[in-house]
Amino acid sequence: MNPNASADQTASSSSGSSLDPFDIIGSSLAVQQAWLRQPERLCAALQNLALDSGRVHERFVRTSLGIVSEPAVAAVPYDERFQDGIWTYQPGFAFLKEMYLLYGRWLEDAIHATANVEPEQRRRAAFWTKQWLDAIAPTNYFWTNPDALRRCIATHGLSVLWGLQNWLRDAAAGDVRMVEPDAFTVGRDLATTPGQVVLRNDLLELIQYAPVTERVHAVPIVLVAPWINKFYIMDLSPRNSLVRYLIGQGFTVFVTSWKNPGPEARATTLADYLLRGVRPALEAARTICGVPQIHATGYCLGGTALALLLAWLAADPADRAANPVAHWTTFTTLVDFSDPGEIGVFLSQASFDFLRQRMAGAGYLDGAAMARAFRLLRPNNLIWHYVVQSYLFGEDLPPSDVLFWNCDTTRMPAAMHEFYLRELYLNNRLVRSGELEIGGRRLDLGAISQPLYAVGAEQDHIAPWRQTFRLCGLIGAPARYVLATSGHILGIINPPVDPPKRRYWLGDATGQGDPDAWIGGIAKVPGSWWEDWSNWLRERCGPPVPPPAMGGPDYPPLQA
């Protein structure tokens with residue numbers, strides 16, 4: 001707590017939290033008040049701003065007179081908004097760009113330099129200020145976007161009409177669309193790998209995929225999808241399907257598909273998801289393949305679920321001896337939530353109380369709300385890019401299997417999501433041995449003895465790779481860690497191609513807790529880490545055997 005904050009300010013903040021659950025107004029006011037209490041620093045900062053602004057005006061005059069000069073404020077190389085040369089050489093557009101960048105950067109720097117404000121509040125102020133700055137960028141408006149003006153002239157004004165039609169389409173949908181809702185059909189264009197549903201209950205379906213090789217490794221792979229997303233992220237189009245790749249390598253593959261819950265599931269708990277969802281899926285795969293143990297893989301929260309279940313099984317001697325998991329893999333999985341990434345700006349006691357009230361009324365949290373929050377983490381790429389392309393340029397939305405999947409959201413039961421947010425994100429109890437209790441047992445990650453293959457993504461803004469690395473040092477088992485380039489999705493859905501599109505680092509991470517020390521001695525490897533993972537699995541998944549039948553007496557095939 002800020003030592004300079006008065007009791008009255010604290011009380012006011014508490015009473016206003018329900019009106020400002022994400023601290024948009026409160027964080028901004030806190031930064032403003034902190035600067036007003038330091039008039040000398042504020043005057044010096046404003047003086048520097050005035051000097052820089054004078055240089056921008058001077059360059060405008062020089063370029064207007066035809067005198068070539070370097071930009072007073074340059075755009076960063078990866079900022080795609082200002083790559084067109086007109087933003088540098090045309091005096092009016094150059095002046096507009098440089099003033100926008102100057103004042104935006106000054107404001108962001110001022111927030112980060114604010115003293116006597118809680119770090120989390122300063123972080124939220126910076127986040128919401130950037131949302132505003134990204135929204136007012138000149139590229140987002142027709143008369144200040146040179147590409148939009150050119151396209152209007154080239155199409156004789158039709159691009160404006162097309163853009164209006166696109167805007168009306170999105171206004172009716174209540175969202176800025178990234179992909180048309182009918183761009184793909186699941187089962188026809190996506191999720192086309194042949195298989196059968198072999199288990200169905202009130203929480204999930206388990207899909208067993210048909211083999212494509214004459215013999216398969218004896219130990220099957222069970223892919224546990226995150227409960228906040230649809231399963232087919234692991235079986236997109238044939239060219240980038242993880243499932244299709246694995247069965248092509250001679251593995252028997254199962255995938256969980258979580259039910260999209262409604263109000264009737266409001267009391268469903270996280271323990272239910274583990275013990276009536278993940279555990280029966282693992283047992284079904286073990287029974288169908290006739291093996292004592294399987295390999296389990298969890299994507300994002302699916303990996304968190306596996307860590308919870310393995311710790312739960314290890315807490316009881318009988319379950320520990322009969323554990324169905326021989327070894328496991330996690331993709332972009334958090335168990336230490338002390339730094340949950342950029343999504344942390346939405347997480348506080350006030351926002352938790354706000355979401356809990358919403359879920360109490362509906363019985364669930366709509367996945368669309370979470371999808372909108374994730375889009376705010378990358379507004380230029382995931383919001384304003386589509387505003388410009390659809391409304392200003394009048395272009396059609398390009399088909400993208402990843403974006404189609406991303407927009408196909410799911411809901412989360414109120415009780416389960418409330419527990420998950422409170423105990424993991426807010427209180428971070430999983431990493432503190434014995435503090436988190438699920439299903440009557442206290443969990444200890446150190447009791448997990450199954451070898452681990454963990455994968456993180458270098459540019460992941462949802463599960464920062466340094467936090468996903470922490471899992472390797474928290475379990476009592478050997479661990480191999482892979483850091484893939486790209487982000488939360490494309491770092492994982494990363495099929496081998498020639499020439500290689502991406503790279504990765506990999507190495508032993510057993511018992512290690514310092515990700516920077518780990519990566520310091522490792523060279524980057526070109527290609528897809530899928531090939532290394534396949535080799536790692538091949539060493540552990542037993543000899544080749546005839547493929548198992550689809551389902552079995554206890555698990556008859558239910559649906560293609």
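Which residues in α5 meet which residues in α6? Keep that question in mind as you look around this predicted model. The protein chain has an average pLDDT of 92, and 97% of the residues score at least 70. Residues 1–16 are another story: their pLDDT is below 50, and beyond near neighbours in sequence this stretch has seven contacts in the model.

**Helices α5 and α6**
- To settle the opening question, Y100, G104, L107, E108, I111 and H112 in α5 meet R122, A125, A126, T129, K130, W132, L133 and D134 in α6.
- Sorted by class, the contact of α5 with α6 has seven nonpolar, three polar and four charged residues.
- The axes of α5 and helix α6 (residues 119–135) come within 9 Å and cross at roughly 170°.
- Because of that angle, α5 is roughly antiparallel to α6.

**Helices α3 and α5**
- Helix α3 covers residues 39–64 and helix α5 covers residues 91–112; their axes lie 9 Å apart, at an angle of about 170°.
- The angle therefore makes α3 roughly antiparallel to α5.
- In this contact, the α3 residues include L46, L49, V56 and F60, and among their α5 partners are F95, M99, L102 and W106.
- Twelve nonpolar, five polar and three charged residues make up the contact of α3 with α5.

**The strand pair**
- Now follow the chain to strand β1 (residues 195–200) and strand β2 (residues 204–209), which pair in the antiparallel sense over five bridges.
- Together β1 and β2 form a hairpin, with three residues between them.
- Look for R200, which stands opposite E205 in β2.

Notes:
Residues are numbered from 1 along each chain as its sequence is written. This is a predicted model: local features need pLDDT of at least 70, side-chain atom pairs count only at pLDDT 80 or more; totals for chains, interfaces and linings use all residues. Side-chain values use heavy atoms; hydrogens and water are left out. Axes are lines fitted to C-alpha atoms, for helices over the stretch in contact, and angles run from 0 to 180 degrees between N-to-C directions. Helices (H or I, at least four residues) and strands (E, at least two) are DSSP runs, numbered from the N terminus. Angles under 35 degrees count as roughly parallel, over 145 as roughly antiparallel, 65 to 115 as roughly perpendicular and the rest as oblique. Contact means heavy atoms within 4.5 Å. Ala, Val, Leu, Ile, Met, Phe, Trp, Tyr, Cys and Pro count as nonpolar, Asp, Glu, Lys and Arg as charged, and the others, Gly among them, as polar. Two strands pair if DSSP finds at least two bridges between them. pLDDT is the predictor's confidence in each residue, from 0 to 100.
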